[in-house]
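Welcome! Please take a moment to look over the sequence and the fold before reading on.

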Amino acid sequence: MIKQVPILVLLLSFTICNAQKVIPLYDGKIPNSKIISGLTDTTAVFPSGNKMIHFVLRVASPDLTIFLPEKSKATGIAVIICPGGGYSGLAIDHEGYDIAKKLNEKGIAGFVLKYRLPNALYVDNKQIVPLQDAQRAIQLIRENAKKWGINPNKIGIEGNSAGGHLASTAGTHYQKALIDNPLKTSLRPDFMVLNYPVISMADSLTHLGSRYNLIGEGLSPEALNKIMSDWKTSEQKLANLPVNGEKIKEYSNELQVTSDTPPTFITHAVDDNVVKVQNSVLFIAALQKNKVPVESFFYAKGGHGYSMDNPTSDVEWIDSCTAWILKINKGLKK
């Protein structure tokens, strides 16, 4: 999740190293998208510490970027990666491509999901559009698993910040298909990895920008964009806007856990002042209550948005995570 600052918006033109292929998420018409002539993906570049971060601001054409490991290392495991950005954009490099490359080192395929954002300017039903794209990614990879050397029963989903909310939504709302699914393909991820995730939509816990972008109503898209353009005041302004109570419950994923929720690895920094660590703590408690396998990795410090590289620690959570992925998949179907 990136604090927003005014900056020149450019047409998306990333050079994606080590990526074998970029494929469209849908064939033909994209469901739940308004037909707008000339609509394109756009991006901005934001400073974050000593780095510049590419941030996708509008997704007109959702897709998957495929990172396959060397065949000699391949384990048959795949992970769909959901970058964060407060449901207002996607931090596509360090919370997407970089994670995929790291997974490849351990023989795990990475599929970076460029999912559509819940913006009523471009979609008909903003509340379901990110989950539609996540479900389609699971469906597409599972139905084409053999082509990519993937075990269809070893497909997980990873998410960062608001992308963590999307990943945990995919893992708790898979019973209802929001896409056409003629083959009745399972839309349940086999495991989840959640990195400083937004989990709850409750007033005291949620990241208000993510919540209002996803399920808030009443503001025009233009008015919402104006509020979000000044990140210093946006949280307080959003706190005063009403949100439907039933939607808050529906998308508070700590309330949606069952005994069939996928095994989960979850990581967070205790001092995160953007997405409170209690989001992860509550989700862990819900998983434990339902006897779902869960492993956690907490940093004392690190704040928010560091992806794999927490500057306060010499230990990377991703190393413990990949070991967990390899271990948990030994117990999944062949």
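Buried means under 20% relative accessible area, exposed over 50%, and partly exposed in between, with a 1.4 Å probe and protein chains only. This is a predicted model, in which local features need pLDDT of at least 70 and side-chain atom pairs count only at pLDDT 80 or more, while totals for chains, interfaces and linings use all residues. Residues are numbered from 1 along each chain as its sequence is written, and side-chain values use heavy atoms, leaving out hydrogens and water.

**Thr 75**
- Thr 75 counts as partly exposed because its relative accessibility is 32%.
- You will find Thr 75 in the loop between β5 (63-67) and β6 (78-82); helices (H or I, at least four residues) and strands (E, at least two) are DSSP runs, numbered from the N terminus.
- Beyond its neighbours within four places in sequence, Thr 75 is in contact with Lys 106, Gly 107, Ile 108 and Leu 326, where contact means heavy atoms within 4.5 Å.
- A polar atom of the Thr 75 side chain lies 2.9 Å from the backbone oxygen of Gly 107.
- From Thr 75 to Val 198, the separation is 123 residues in sequence and 30 Å in space, C-alpha to C-alpha.

**Helix α3**
- How many residues of helix α3 (residues 162-172) are buried? Eleven of its eleven residues are, and the helix is mostly covered.
- The buried residues of α3, among them His 165 and Leu 166, pack against β6, α2 (129-143), β8 (155-160), β9 (192-195), α4 (208-215) and α8.

**Val 270**
- Val 270 sits in the loop between β10 (264-269) and α8 (278-289).
- Val 270 counts as partly exposed because its relative accessibility is 49%.

Note on methods:
A polar contact is a pair of N or O atoms within 3.5 Å; within protein, one must be able to donate a hydrogen and the other to accept it, and residues adjacent in sequence count only if both atoms are side-chain atoms.
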